[in-house]
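Here is a set of questions and answers for a reader who is meeting this structure for the first time. Please look over the sequence and the structure before reading on.

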Amino acid sequence: MNAKDREREMTTQQHQTQYICRIRFARKGSLSYIGHLDLMRTFERAIRRTELPLLHTQGYNPRPVLVFALPLGVGISTESDYVDIAFSVPVPPEQVIREMNRFLPPDLWTVDGVVVPEGTGSVMAAVTSASYRFEAPQILPYVKRALEADSLLVTKISKGETREVDIRPLILMDLTADDAKGEDAVCLLFRAGSRENLRPDLFLSAVTRHFAYDEDAAANCRVTRTGLFTGVFPNYTDLKEI
Amino acid sequence: MSLQHSYHPVTLQHRDLMAVQNPARYTGGEWGAIIKSEVLSELIATGRTDTVRFAFCFPDIYEIGMSNLALRILYHVLNSSPDVWCERAFSPWKDMDAILREKKIPLFALESGSPLCEFDIVGFTLQYELCYTNVLQMLELGGIPLRSADRTETDPIVVAGGPVVYNSEPVAPFFDLIMIGEGEEMILELTDLAKKKKLSAKTDHPMTREEFLLQAASIPGVYVPSFYDVSYRADGTVQSVLPNRAGIPSVIQKRIILDLDAVSYPTETIVTNTRIVHDRAYLELFRGCIRGCRFCQAGFLYRPVREKSAETLLEQGIALEQSTGCDELGMLSLSTSDFTDLSPLTDGLIEAFDGHHTSLSLPSLRVDSFSLDLMEKVSSTRKSGLTFAPEAGTQRLRDVINKGISEEDILSSLDLAFQGGWSSVKLYFMLGLPSETEEDVIGISDLVRKIEQLYFDVARRLGTRLRKLEITVSTSMYIPKPFTPFQWEPQDSLEAFQRKQSLLREKLRSRNIKYIWHDLDTSCWEVVMSRGDRRLADVLEKGYRKGYIFDSWDDCFSYSGWVSLLEEAGLSMDFYSRRREEDEIFPWDHIDCGVKKEFLLREKKRAEQGIVTPPCRESCSACGADCFGGGVCYERERS
Ligand code: SF4
């Protein structure tokens, strides 16, 4: 089942009372190198190792009900991502965090959590932007120049067709000042979510292509998602504040 | 061994991980992976440890290796010992292979990141013959000389085990020693000896490799290839295999575990972060097989049958499901239906997993009303395909191969299944079985057509509209293997196989039938490797130098390349695929799997006359495997 179906399942299965916890999690190291489906699977199995009363979908092939805020690409670490987990009885978020941290693999852990009141929209639909930290030698001046440009064209390949796309409008803000590591790191806010989404690797390819940033350094650039936000820019709120 | 070694862990760069398929193959960090932190701190602080460091190597990619039960069992057994830290290493896929070579990064184990050359023992499990060049790849990338003869006191001891080592001659020169049979006890006897060697390095009399191997050779089941000389006759067949040192056994008998309830089994095991080929937890029901199908090597190698008790299995199954979080538990054995207490076991598991949404997978289940009922109960995805393995198309040929399944059996169980709503059937056959004629090949399509007809007959009888029928027919090429009654038989030629395949393709044309066949080239090469001798080691090394790795992957395999290398070495495909004389000495005759050559010859003659041999539980055919003093051979006495 794909994420969309799960989400639908979560909102339509009203006959089944569900108690949803929104859990903030982080990953690094080896766990950064798995794709979205593997991450979902890893979470599912970890929760199954706990004794938490996980809710399953009904029907032929019952699955736990997990909804992730925004897929993470292979190679990207995160400090602040979200998953909604449905339980069949109320469970205090602290207990979820404690139990899950006992059973998740070493490089994946939960940070905190809240109970999601009934009728709250899906966490996936809420996401409008995401912040990323890019760490690579001397990357700051190159990124500064990229941000000054009116447009940033990148080549996108979809369904065998190559297109030139301008990603400049998808870059919302430079957050480097809040999260500075000298010349070797930048932090940016990108549009994110199911409608418009800027992937960090596309941004990096634009910086190497138009501003001659070293390709090797870009390939080695460590990308960390530092936060997810909701609301229309500039009136956006960190999901952890909700 | 590793007194001189220090600790130089490999850390791959981000860009290298991002440049390859599925980087999680190389990062480790799984739930259940064992990091012995005291040993690791010792290594970091001093570059050495008294703990025996064992690198368990699987010569194929991570997703295949992690699906292997032997790896999981021995990883657990080794790490249960306070004197050993066992880690894992896998073949890097071609993309990572290129990066490691280009950047001169050694192949490393996932837990500590140590290059293979820093280990005391580097152990390979050899599950199929076509992995041999990957062993060479792993050794070379790991910084270890390929041949036992070239290794020095500072190199690791390189060992092997697994199903194909019953004839390990083609790779014998690459290994310092080979463990024949089930490893749980033997491997700890070996690490005990390695511990002694390691400690002796601090004394005035350090144990040399030669001394180590001499002592290892007295561990039952251990075969040290360099202690045996092979001589050949003018026609290329083996004249003799003889020990070249005093006190070395002339025949090496396999080791087995008699009491499977008492032996340690991993109820906590690694849960991978990325999807693997067999992505579930496994219970091992029993070892061996009572049936004696004459084509099946496993059926003879693993005799006698030894079962686990339903209580042990229930306990282990419940623990595994809990500790791994897997939503599927697989039952493993050569023939699930032959497990004595299948019904209490599955009932117990179903009850224990109530509300967990955990399914059981029961492969190689004979189809009857009991199993149909069971399948309905245990499977989360309803009415998945049914599987039959008639192996041959006619009753005559099924009698020759001693496959105790009749057309009537198949049709009556399918009648039942079709009534129950099943509509998807998979059928497995082999082409090229001894004595096969065109009639037998046509027999396959006749049987398949009868099944197709049956489906519509059932529909008419019940007056229901049925779902679309899907029959999948799969044929593989029969490979006559050592330690079977057919070890004397020739392998069909490539041309004969092709002819039979196209005949079937023609006959099986129907919208309800899908015909799939296996790659023929690799099967032809497999017969060379499985019945081969030590002279093939040079051929393998040359092939590896030409870049031949991942031979088991059809698109990596170069048939013509291997054939020409074989010819360059003065050998031929025909020599290895030919019919063998009854008195011929085989390259593997110094290995004893319990089942005796005289029995196999008796079975060969019965096959020629089309006489079937009953399963062990019906009557004992005195195959020789009772020499181990346990298992099914003594069941009657006990009861
Ligand atoms: S000795 Fe008899 S019972 Fe034992 S494995 Fe052989 S045939 Fe079966």
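**Salt bridges, interfaces and backbone**

Q: Is A:Lys240 buried, partly exposed or exposed?
A: In this predicted model, the relative accessibility of A:Lys240 is 44%. Buried means under 20% and exposed means over 50%, so a value of 44% places A:Lys240 in the class called partly exposed.

Q: Which residue forms a salt bridge with A:Lys240, and is that partner buried or exposed?
A: The closest N and O atoms of the pair are 4.0 Å apart, and the partner of A:Lys240 is A:Asp238. The relative accessibility of A:Asp238 is 11%, and the limit for a buried residue is under 20%, so A:Asp238 counts as buried.

Q: Where in chain B do B:Glu169 and B:Arg534 lie, and how many residues apart are they?
A: These two residues form a salt bridge whose closest N and O atoms are 2.7 Å apart, and both B:Glu169 and B:Arg534 are buried. B:Glu169 is in the loop between β4 (157-161) and β5 (177-179) of chain B, while B:Arg534 is in the loop between α17 (520-530) and α18 (536-545) of chain B.

Q: Which strands of chain A hold A:Asp84 and A:Arg22?
A: The side chains of A:Asp84 and A:Arg22 meet in a salt bridge at 2.8 Å, N to O, and both residues are buried. They are 62 residues apart, with A:Asp84 in strand β3 (residues 76-87) of chain A and A:Arg22 in strand β1 (residues 19-27) of chain A.

Q: How many salt bridges does the structure hold over all chains?
A: Some of the salt bridges join into a network, which links B:Asp97, B:Arg101, B:Glu140, B:Arg147, B:Asp538, B:Glu541 and B:Arg545. Between chain B and chain A the count is 5 salt bridges, and over all chains the structure holds 68.

Q: How many residues of chain B are in contact with chain A, and how do they divide by class?
A: On the side of chain A, 28 residues take part in the contact, and on the side of chain B the number is 31. The two chains bury about 2600 Å² between them, 46% of it on carbon and sulfur atoms. One salt bridge joins the side chains of A:Arg45 and B:Asp279 at 3.3 Å, N to O. The residues of the side of chain B that touches chain A divide into 7 nonpolar, 17 polar and 7 charged.

Q: Which three residues supply 54% of the area that domain 1 of chain B buries against domain 2 of chain B?
A: Chain B is divided into domain 1 (2-253), domain 2 (282-381 + 609-639) and domain 3 (385-577). Domain 1 and domain 2 of chain B bury about 820 Å² between them, 51% of it on carbon and sulfur atoms. More of the area on the side of domain 1 comes from these three than from any other three residues: B:Leu69, B:Tyr166 and B:Glu182.

Q: Which residue meets B:Glu182 in a salt bridge?
A: The count between domain 1 of chain B and domain 2 of chain B is 3 salt bridges. In the pair that includes B:Glu182, the distance is 3.1 Å, N to O, and the partner is B:Arg287.

Q: Which residue is joined to B:Pro304 by a cis peptide bond?
A: B:Pro304 is found in the loop between α9 (297-301) and β12 (306-307) of chain B. The omega angle of the cis peptide bond is about -5°, and the residue joined to B:Pro304 is B:Arg303.

Q: Is A:Ala212 buried or exposed?
A: A:Ala212 is found in the loop between α6 (200-211) and α7 (215-219) of chain A, and its phi is near 55°, a positive value in a residue other than glycine. Its relative accessibility is 61%, and exposed means over 50%, so A:Ala212 counts as exposed.

Key:
Residues numbered from 1 in each chain as written. Chains lettered and ligands numbered in written order. Predicted model: local features only at pLDDT ≥ 70, side-chain atom pairs only at ≥ 80, totals over all residues. Heavy atoms only, no water. Contact = heavy atoms within 4.5 Å. Buried area = accessible area lost by both parts, 1.4 Å probe. Nonpolar A, V, L, I, M, F, W, Y, C, P; charged D, E, K, R; others polar. Domains from an automatic or database assignment. Helix = DSSP H or I, 4+ residues; strand = E, 2+ residues; numbered from the N terminus. Buried < 20%, exposed > 50% of the residue type's maximum accessible area, 1.4 Å probe, protein only.
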